[in-house]
Amino acid sequence: METVSENACFGGVQGVYSHTSDACKCDMTFGLFLPAEAREGPVPVLWYLSGLTCTHENAMTKAGAQGWAAEQGIALVFPDTSPRGDDVADDDAYDLGKGAGFYVNATQNPWAPHYRMWDYVAEELPSLITENFAIDADRQAITGHSMGGHGALTLAMGLPGRYASVSAFSPICNPTGSDWGRKQLGAYLGDDQAAWTAHDASLLMRERGFDGPVLTDTGTQDQFVDLLRPETLAEAAAARRQHATIRMQPGYDHSYFFVQSFMEDHIAFHAEALYGV
């Protein structure tokens, strides 16, 4: 692992690090914010998964999360959204290929050799950060935006017991029923739609639910709301009688201005679960 940069930030350190990934078979870069409390010992961690076209840097610089995380003594991890490099397959469309890994393990060519973002986020990167930084592996939570909201919800329900809480900003809630999903899941996982269900938050909510608190926010003026399908997650939670707070925020769109506006709420929500107060 190499240090790309480290900057003082809200009394802690905002770092950027690169490493060779065994899961993705390429070099990967991630951001990590450590609050001041990490100097004294391991701290809880909140994973932030970003959306389409993003890298590790977008949320790290635009989401306004570090100040609220510093107040709560929580670390933040900002993974990349896909593998990178000259040998990594790509597509001319913005919503497939680099920047659009969808947090799945691809089984189809040309994606299969590198696009293993589920393994990267679920296994490899957690091991790396807990081995090298003051992170408490027993206190983890997860959030994300758009495609990253999809990833946060599916990882939380797909890895029972891993995360104390899950939240999402403008998540893609029903990718098997949306053009933001059917295209990508078909490309990465093949035509057998049974393989898609493990990566659909609404289907997982109806089938498994989540053993912990759930929070989502979506703007009523989100220009992609018909692709996000938040109503499907609400219906699934109601059918399962899952405790969840699923909010529609009047006047907000899909931008980072929306994410910034509710970041304090989300970090306080996770802090309550992580600290058990």
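Which residues form one aromatic cluster?

1. Phe169, Tyr252, Phe258 and Phe262 do. This is a predicted model, in which local features need pLDDT of at least 70 and side-chain atom pairs count only at pLDDT 80 or more, while totals for chains, interfaces and linings use all residues. Residues are numbered from 1 along each chain as its sequence is written, and side-chain values use heavy atoms, with hydrogens and water left out.

2. Rings of Phe, Tyr and Trp (its six-membered ring) are paired if their centres lie within 6.5 Å, with planes under 30 degrees apart counted as stacked, over 60 as edge-to-face and the rest as tilted; by this rule there are 11 aromatic pairs. Among them, Trp111 and Tyr115 are edge-to-face, because their ring centres are 5.3 Å apart and their planes stand at 90°.

3. Trp180 and Phe224 make a tilted pair, at 4.8 Å centre to centre and 35° between the planes. Trp180 belongs to helix α5 (residues 179–189) and Phe224 to the loop between β8 (214–219) and α7 (225–228), so the pair ties together parts that are 44 residues apart in sequence; helices (H or I, at least four residues) and strands (E, at least two) are DSSP runs, numbered from the N terminus.

4. Asp136 is found in strand β6 (residues 135–144), and its side chain reaches the backbone nitrogen of Asp138 at 3.0 Å. Apart from neighbours within four places in sequence, Asp136 is in contact (heavy atoms within 4.5 Å) with Pro42, Val43 and Pro44.

Definitions and conventions:
A polar contact is a pair of N or O atoms within 3.5 Å; within protein, one must be able to donate a hydrogen and the other to accept it, and residues adjacent in sequence count only if both atoms are side-chain atoms.
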